[in-house]
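Please look over the sequence and the structure shown here before reading on. The briefing that comes after them is meant for someone meeting this structure for the first time.

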Amino acid sequence: MSARRLMWILRTVAMSALALALPSVLAGCGNAARLSGTSGIEPTEVVIASTTSTQDSGLFDVLIPAFEKAHPECVVKVIAVGTGEALALGRTKDADVLLVHAKTEEDEFVAAGFGVERSDVMYNDFVVVGPPTDPAGVRRATDLLSAIRALAAGRAPFVSRGDGSGTHKKELELWSAAGVTTPTPDARPWYDSAGQGMGEVLMIASNRRGYTLTDRATYLSMRAALDLAILREGDAELRNQYGVVVVAGARNQAGGQAFFDWILGEEGQRVIGGYGVEEYGRPLFIPNAK
Amino acid sequence: MRIYADAVIEGWRLLASGALDVWTIVLASLRVSGAATSIALLFGVPLGYWLGTRRSVARHVALVFANTGMGLPPVAVGLVVAMTLSRRGPLGDLGLLYSQTAMVIAQLIIATPVIVAVTAAAVSAVPRELRLQARSLGASPFHEMLLTVREARMGLVAAVAAGFGAIISEVGAVQMVGGNLAGETRVMTTAIVQFTRMGRYGHALALAAILVGIVLAVNVLLTAVQTSAERHEAGLR
C-alpha cells in the first residue's frame, strides 16, 4: 500500500469520526427533554471523579448502568482517585461531577466558586476489626474512645494504612480524640504502618492476628479470606459521609447536573440503598439525600 | 520539566538533612537481598557445577529448568510463597508471612535458578581436559570441583552479581510477602512504590537514586574483576 493511499484512508477515517462526534457535542448530554425522540445522536461523556473505595466496593457497576438507562444521551466515565485528587480534577475542570467524602473540603470547593452545588448523597461507616478472640478487649469497651484506648494498650498489633488516605486520616483523628499520642512503629512495637491499600492492610492484620480500622464495604467484600471480626461499629464518629458536587463551568456541566439530580432523586437513592443487600444481607451504603 | 527539578531538589534536601529515614530502608534491602544471595550461592553453585560438568539427558533437562527459572515471574513466586506462609496455608503456624524471613525465602527462590544457570555456563566453559588431567593425577572429586570452580571464578562473580541484581530491584514478590511494614519489611523498591502512589516524588526519587547507585556499584565491581582476569589470562599466553 502506498503512503499516499494510507494517508487518504487515515484522513477519511478522521473526517467520519469528526462528523459523527460533532452533532453530539452540539446536542450535549443532560438536555434529555430536547433530545427525546431524536434518533441517531451519539451520547456525550460525563466524567465523574470519585474515590477508589467507591470503585472497589462495586457500587458504580450498578449505579452507572442505571443512570445511563435513565439518561440514554449520557455515557459515564469514572475516574477513581483519592478524595484530594478528585477535588483537584474538579478545580482543573477535568471532571464534570464529583462523588467524594470530605465534607469540609467539598463546602470550601463550592464556596470558592469551583462547584455549583453540593449535597449529602449517602454514607457508609468505618468499623474496628480484629481477631475474633479480641485479646485487646475492644468489645468490652463501653464507648468508642475507650475502645481506641484499649487498642493502645498494645496487647495485639494494630496495622495502620499509613498512606495519608481518608481512612488513615480517620484513624489519626480517633487516636487524637482518645488522647493517645499518635503511635509510630519505632516508639510502639505493636503499631505497624503498611503504607498500602485497604485490602492489603486487612490481609496483614488477619495474618498478624492484629486490629485495624476499615470501611465496612471493603471488609465485607473480603471477609471470607480474613480471620477478622467486627468488634466496634455504629458510633456517630465512625460515619463516613459522601457528597456529590457539580463542577462549575465544566466541559459537560449539564451532564454533571443530570447525574447530580438523578443520584439525589428517588431512583438513584433506591439503587444505592439496594446495593449489597443480596450479597451481604445489608446495604453497603445508606442513602441520605435530603 | 518542573516536576523533575522539584523532585531532584526535594530528594537531595531529604538526603542531606537526614529528614527521610532512608538508611533503615536501605539496610533492610541489603540485609534481605544479601542473605538471599548467600543462601542461593550455597545451593546454586554445587548444582550449577554438576549441571555444567555432566554430559547427560538429565543435565539437559535440568538446564532447561534452570533457564526457565531465570524467567520465573517474581509475582508468581510471591503469590505461592504468600499462600504457603499465610495463616491458612500449610506453613501458616510458623507465623512467617510479613516478615524479613518470608522475603528471604521468596528472593531465594528467584535468585537460585539465576545462579545455577550462570554457574553452569561458566563451568562448562572450563576445558574438559583440565578435569581429566586432575583426575588422572589423583585428585578427589571434591578437589576436582574446587579446581574447576577456581578456573571458572569469573563466571561465579557474574552469578553473584546477576542473582543479587535480580532480587534487590524486585518489587512484586517482596511487597506480597513482606507487606511494606515501616521499620521492618519496608525495602527500597516497596518504599518507592508507596511514595510514588502518595505523590511524594522527591522521597521516591531519593531512594531510586540510592538503588541505582547500589546496582551500579555491584556492576562496577564485577567489570573490574572481569577485566583484571582478562589481563591476567593475556599475560599467561
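This is a predicted model: local features need pLDDT of at least 70, side-chain atom pairs count only at pLDDT 80 or more; totals for chains, interfaces and linings use all residues.

In chain A the secondary structure comes to 13 helices and 10 strands, whereas chain B has 11 helices and 0 strands.

- Chain A has 290 residues, and buried residues make up 41% of them; for chain B, the corresponding share is 38% of 237 residues.
- Read along its sequence, chain B gives the pattern α-α-α-α-α-α-α-α-α-α-α, and its C-alpha trace spans about 65 × 50 × 25 Å along the principal axes.
- Of the contacts in chain B between residues at least 6 apart in sequence, 77% join residues that are at least 24 apart.
- In chain A, residues 24 or more positions apart account for 70% of the contacts with a separation of 6 or more.

**Where chain A meets chain B**

- The contact between the chains takes 16 residues from chain A and 11 residues from chain B.
- On the side of chain A that touches chain B, the elements giving two or more residues are strand S6 (191-193) and helix H9 (198-207) of chain A, and H9(A) provides the largest share of that side, with 4 residues.

**Helix H4 of chain B and its surroundings**

- Helix H4 of chain B runs over residues 74-85, and at 1.5 Å a residue its 12 residues should span 16 Å, which agrees with the 16 Å between its end C-alpha atoms.
- The buried residues of H4(B) are Pro74(B), Val77(B), Gly78(B), Val81(B), Ala82(B) and Leu85(B). These residues cover an arc of only 125° around the axis, which puts them on the same side of H4(B).
- As background to that pattern, an α-helix has 3.6 residues a turn, so residues three or four places apart point the same way.
- Among the elements that cover the buried residues of H4(B) are helix H5 (100-124) and helix H9 (172-178) of chain B.
- H4(B) and H5(B) pack with their axes 10 Å apart and at an angle of about 140°.
- The crossing of H4(B) and H5(B) is right-handed. Their contact is made by Pro74(B), Val77(B), Gly78(B), Val81(B) and Leu85(B) on the H4(B) side, and by Ala102(B), Ile105(B), Ala106(B), Ile109(B) and Ile110(B) on the H5(B) side.

- Helix H6 (residues 128-136) and helix H7 (residues 141-151) of chain B have axes that come within 10 Å and cross at roughly 150°. That angle makes H6(B) roughly antiparallel to H7(B).
- The crossing of H6(B) and H7(B) is right-handed. Leu130(B), Arg131(B), Ala134(B) and Arg135(B) of H6(B) make the contact with Glu144(B), Leu147(B), Thr148(B) and Glu151(B) of H7(B).

**Val114 of chain B**

- Val114(B) is found in helix H5 of chain B, and with 28 other C-beta atoms within 10 Å this residue is buried.
- Leaving aside residues up to four places away in sequence, Val114(B) touches Met70(B), Ala162(B), Gly163(B) and Ala166(B).
- Val114(B) and Leu156(B) are 42 residues apart in sequence, and their C-alpha atoms are 11 Å apart in space.

**Two residues with positive phi**

- As a general point, most residues other than glycine have a negative phi.
- Tyr98(B) has a positive phi, near 65°, and lies in the loop between H4 and H5 of chain B. With 29 C-beta neighbours inside 10 Å, Tyr98(B) counts as buried.
- Asp134(A) also has a positive phi, near 50°, and lies in the loop between strand S4 (115-130) and helix H7 (144-152) of chain A. With 16 C-beta neighbours inside 10 Å, Asp134(A) counts as partly exposed.

Methods: Residues are numbered from 1 along each chain as its sequence is written. Chains are lettered from A and ligands numbered from 1 in the order in which they are written. The expected span of a helix is 1.5 Å times one less than its number of residues. A residue is buried if 20 or more other C-beta atoms lie within 10 Å of its own, exposed if 12 or fewer, and partly exposed in between; C-beta atoms are placed from the backbone. The arc is that of the directions from the helix axis to the C-beta atoms. Two residues are in contact if their C-beta atoms, placed from the backbone, lie within 7 Å. Axes are lines fitted to C-alpha atoms, for helices over the stretch in contact, and angles run from 0 to 180 degrees between N-to-C directions. A crossing is left-handed if the near helix is turned anticlockwise from the far one by less than a right angle, and right-handed if clockwise. Angles under 35 degrees count as roughly parallel, over 145 as roughly antiparallel, 65 to 115 as roughly perpendicular and the rest as oblique.
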